[in-house]
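Dear colleague,

Please find below the structure that I am handing over to you. My notes on what was found in it follow directly after.

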Amino acid sequence: MTEKQRDLRLYIPVYVIFLAIYIFASILEPTFHTWRNNVNLFTRITPLIFAGMAQTFVILTGGIDLSIGSIIGLTNVIAASLPFLDTPLNIVMWAVIPPLVGLAMGLMNGVIIAKGGFPPLVVTLATGAIWRGVTLFIMGIPGGSVSLSVATTVTGTVFKVVPTPLVIFLVSVYACHFVLKKTEFGRSIYARGGNESVALESGIPCDRVTIWVYGVGGLLSAFAGMFLSAWMFSADPLIGEPYILNSIAVVVIAGTSLMGGRGGVLGIIGAAYIFHLLNNILNLLAISTFYQFVAKGLVLILALAVTSSGTTLDIRGILRKYLLPK
């Protein structure tokens, strides 16, 4: 089986489920499939796509990052605390400082995990708590502001036609896919997650790979925080909290193995859509909050079972064993 065939087997179930839910939502609400509603969806899922890609890089190495929510919150607050006047210097500061902070926090995670030999779960839980405290120190309650030019550019349209969030997440997903599949760094990530001992014997610098993987995760998380600041035109110190578990759920639904070494980012868009479409449908049906949690949990377990089966089912083998003549 070629790599493209393996990718198709991995990602097709995600988009089949997304399409089914999308059609169901369009039947429930005729205005659901309108361009205006879709533009709204593009904007809403962009931060979750960035958080999902950040978690994907880490999980592919067999690790996990529970500090993603705190990095999103801190960079969101920093982006909305910078001077908001539309001057070139202020715009450059908005574009440079939050990513550097996110990258530094991610690299710090990686250094502690790789050089200290501590479990990623504990390290990122601890650092996440520290950065949450720093965030609340900088901004105790929602507030701040963002340059009008930045906000309209990030959440507007390209050539007055294509929504900028759509362009942002499509380019970002392709860039991450290219890094994972076409570069030596990407191949090292898969090797590190597949079998660390074999990777070390093959000469792969696993510690360095681990450090930079967490650095990339911090950088992508910062992009999520920046996008949220431009979208909301302000900041909320606790806005990143839901992205901790949601990013993990999206990664798993997208077909990436929690054991590492298998998966990718191409399914993230479909998985993020599934999350938001579920919310929209349950709100349209006016289902109470209690039953919404139950319904979302059941549907996500079903989606997880179907997408996971795409990586393990040998359809040809089943056909040969039970249906084809011997």
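How many residues does the largest nonpolar core have, and which residues have the most contacts inside it? In this predicted model, that core has 57 residues, and Ile 49, Met 53, Ile 268 and Ile 274 have the most contacts within it. At least two core residues come from each of helix 1 (3-28), helix 2 (35-60), helix 3 (68-81), helix 7 (164-182), helix 8 (184-194), helix 10 (206-232), helix 11 (242-253) and helix 12 (268-284). Helix 2 contributes the most, namely 13 residues. Another core, of 13 residues, lies apart from this one; Ala 80, Leu 82, Val 150 and Val 154 are among its members. As general background, nonpolar side chains in soluble globular proteins tend to be buried together.

Ile 268, leaving aside residues up to four places away in sequence, touches Ile 49, Gly 52, Met 53, Thr 56, Val 250, Val 251 and Ala 254. Thr 56, in turn, is found in helix 2. Its relative accessible area is 0%, under the 20% cut-off, and Thr 56 is therefore buried.

After helix 12 comes Ala 286, which has a positive phi, near 60°.

With regard to cysteines, the structure holds zero disulfides. Cys 176 has a relative accessible area of 8% and is buried. Cys 206 likewise counts as buried, at 1% relative accessibility.

Finally, a word on confidence. The protein chain has a mean pLDDT of 86, and 92% of its residues reach 70 or more. Over residues 311-316, however, pLDDT stays under 50, and the model has nine contacts beyond four places in sequence for this stretch. Residues 322-326 also have a pLDDT below 50, with three contacts in the model beyond near neighbours in sequence.

With kind regards

Note on methods
Residues are numbered from 1 along each chain as its sequence is written. This is a predicted model: local features need pLDDT of at least 70, side-chain atom pairs count only at pLDDT 80 or more; totals for chains, interfaces and linings use all residues. Side-chain values use heavy atoms; hydrogens and water are left out. A nonpolar core is a set of buried Ala, Val, Leu, Ile, Met, Phe, Trp, Tyr and Cys residues joined through side-chain atoms within 4.5 Å. Buried means under 20% relative accessible area, exposed over 50%, partly exposed in between (1.4 Å probe, protein chains only). Helices (H or I, at least four residues) and strands (E, at least two) are DSSP runs, numbered from the N terminus. Contact means heavy atoms within 4.5 Å. A disulfide is a pair of cysteine sulfur atoms within 2.5 Å. pLDDT is the predictor's confidence in each residue, from 0 to 100.
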